[in-house]
Each structure stands twice: as C-alpha cells, then as structure tokens.
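Here's a quick briefing on the structure below.

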Amino acid sequence: MQFSSALLENAVNEFSKLPGIGRKTALRLVLHLLKQEEEDVQHFSEVVSRMRNEIKFCQRCHNVADADICSICANSMRKQDVICVVENIRDVIALESTQQFSGTYHVLGGVISPLDGVGPSQLNIDTLIHRVQKEEIREVIFALSPTIQGDTTIYYIQKKLNPGVRITTIARGIAFGGELEYADEMTLARSLQNRLPIESYVSNK
Ligand SMILES: [Zn+2]
C-alpha cells in the first residue's frame, strides 16, 4: 500500500493493530474518519482515550467499573450471595444480555492453562476464595468454557471452597461454540437455568 501522506499511513498502521482489522479495512475506517467533522473525530478519540485512562476494575469482582465497586456489586436488588464465576469481561456482558441472572460475578481473567504458562496465581482465584469465606455466599455457579482448561479450573477452585456452599456449573452438554460469548442469549439463559450441581458434573468425567 502506497501512501502520499505519512499522517494517513500512521493512522492506518494504528488501526491495523486492532484484532480482526486488516490493512484494507484499516484504510476504509481511516478514510471514513477523514470525511467526518473534525469535532466528531476529536470526540471519538477522547472517548477511546478516556475509556483507557479512567476505567477501573471492581475491587470485589474484577469486572470493569467506573468506580471502585462495579454497578452490579453495588446493586442491592441483586442477589449478593450468589456468584457466577466467568473467565472474562465479555462473558459478563454475554450473561447480562440474557437478563436471566440476578446474582453477582467474579471475573477470573482466564483459566488455568499450564501449557500457556497460566497458573492459579495469575488468575483472580485467591480473591474468589476469600470472598466466599468472608461474605455469606450461598451459591457459586461456574460458567467457564467447556474445555480441559475450564474443567481443570473448576476442579481446582471447588476443592478450595467452603464445604457448605452450593457449587453448580451451567449446563454445558449443549454446544455453544466453545466460548460463552458466542452463545446466543436463549441458549445461554437456558444453560443458566439448567445448571447442575458440581457433584454430578465432576463424577461424570
Ligand atoms: Zn463488582
């Protein structure tokens, strides 16, 4: 790709660093911005920059937040004694879109995967165990991807949780494309309703 403007080329280079954006798409996006009003592009860049600079992670559940505690943890209408354990923030967004879950979340930041060098200490596991001990948690629901890594993570955590806590996993027999975020809302809502006690899940292995 030949550019007569280094400024344009720099912008294309930056956009093409984004996931799923090749250089052709990057060029299309940049040329689109070039056609917009200056103040609109200014606003666009300010929104992106503020998002990166000002966003926080909830001190309780590690979800994205605008304050120290996220809006889900701060909401007294939600069941604060039920925790749904997920891998990442996209999973929270997917589950929230179903409008079927009224508890709280705990974002692990991934799953245990020794081959990728991810051990328990790199994930938000200690804070989960601490949370279950400290708060009067009634149920912990695992909503992790149905992979060996997801299973390993469930197994590792459930051994460390208080015996009195109800532990369940979302129904994972039905295919939903591997990752929660790809599940359609109906499927995800159904698998949340049809969750299974951990005993039946682990003993079926
Ligand atoms: Zn939170």
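The chain's secondary structure comes to eight helices and seven strands, where helices (H or I, at least four residues) and strands (E, at least two) are DSSP runs numbered from the N terminus. Heads-up: this is a predicted model, so local features need pLDDT of at least 70 and side-chain atom pairs count only at pLDDT 80 or more, while totals for chains, interfaces and linings use all residues. Residue numbers start from 1 along each chain as its sequence is written.

**Overall layout**

- The C-alpha trace spans about 65 × 35 × 35 Å along its principal axes.
- Of the 205 residues in the chain, 26% are buried. Here, buried means that 20 or more other C-beta atoms lie within 10 Å of the residue's own, exposed means 12 or fewer, and partly exposed is in between, with C-beta atoms placed from the backbone.
- Take the contacts between residues at least 6 apart in sequence: 53% of them join residues at least 24 apart. Two residues are in contact if their C-beta atoms, placed from the backbone, lie within 7 Å.

**The nonpolar core**

- The largest nonpolar core has 33 residues, and those with the most contacts inside it are Cys84, Val85, Val86, Leu95, Tyr105 and Ala143. A nonpolar core is a set of buried Ala, Val, Leu, Ile, Met, Phe, Trp, Tyr and Cys residues joined through C-beta atoms within 7 Å.
- Elements that give two or more residues to this core are strand S3 (82-86), H4, strand S4 (104-107), helix H5 (126-134), strand S5 (139-142) and helix H6 (148-160).
- S3 supplies the largest share of this core, at four residues.
- Setting aside neighbours within four places in sequence, Tyr105 is in contact with Cys61, Asn63, Ile72, Ile83, Cys84, Val86 and Val92.

**Where H4 meets H7**

- Helix H4 (residues 89-98) packs against helix H7 (residues 185-193) at an angle of about 90°, and their axes are 8 Å apart. Axes are lines fitted to C-alpha atoms, for helices over the stretch in contact, with angles running from 0 to 180 degrees between N-to-C directions.
- That angle makes H4 roughly perpendicular to H7; the cut-offs are under 35 degrees for roughly parallel, over 145 for roughly antiparallel, 65 to 115 for roughly perpendicular, and oblique for the rest.
- On the H4 side the contact is made by Ala94, Leu95, Ser97 and Thr98, and on the H7 side by Glu185, Leu188, Ala189 and Leu192.
- By type, the residues of this contact divide into five nonpolar, two polar and one charged.
- Ala94 sits in helix H4 and counts as buried because it has 21 C-beta neighbours inside 10 Å. The C-alpha atoms of Ala94 and Ala189 are separated by 9.8 Å, although these residues are 95 apart along the chain.
- Thr187 belongs to helix H7 and is partly exposed, with 17 other C-beta atoms within 10 Å.

**The annotated zinc finger region**

- An unreviewed UniProt entry carries the annotation "zinc finger region: C4-type" for residues 58-73. UniProt positions are in the numbering used here, feature names are shortened, and annotations may be inferred rather than shown by experiment.
- The end C-alpha atoms of residues 58-73 lie 8 Å apart, and the span is 0% helix and 12% strand.
- His62 is found in the loop between strand S1 (56-57) and strand S2 (64-65). His62 has a positive phi of about 70° although it is not a glycine, and it is buried, with 22 other C-beta atoms within 10 Å.

- Gln99, in the loop between H4 and S4, has a positive phi of about 55° without being a glycine. Gln99 is exposed, with 9 other C-beta atoms within 10 Å.
- Asp40 is in helix H3 (residues 38-54) and is exposed, with 11 other C-beta atoms within 10 Å.

Definitions and conventions:
Ala, Val, Leu, Ile, Met, Phe, Trp, Tyr, Cys and Pro count as nonpolar, Asp, Glu, Lys and Arg as charged, and the others, Gly among them, as polar.
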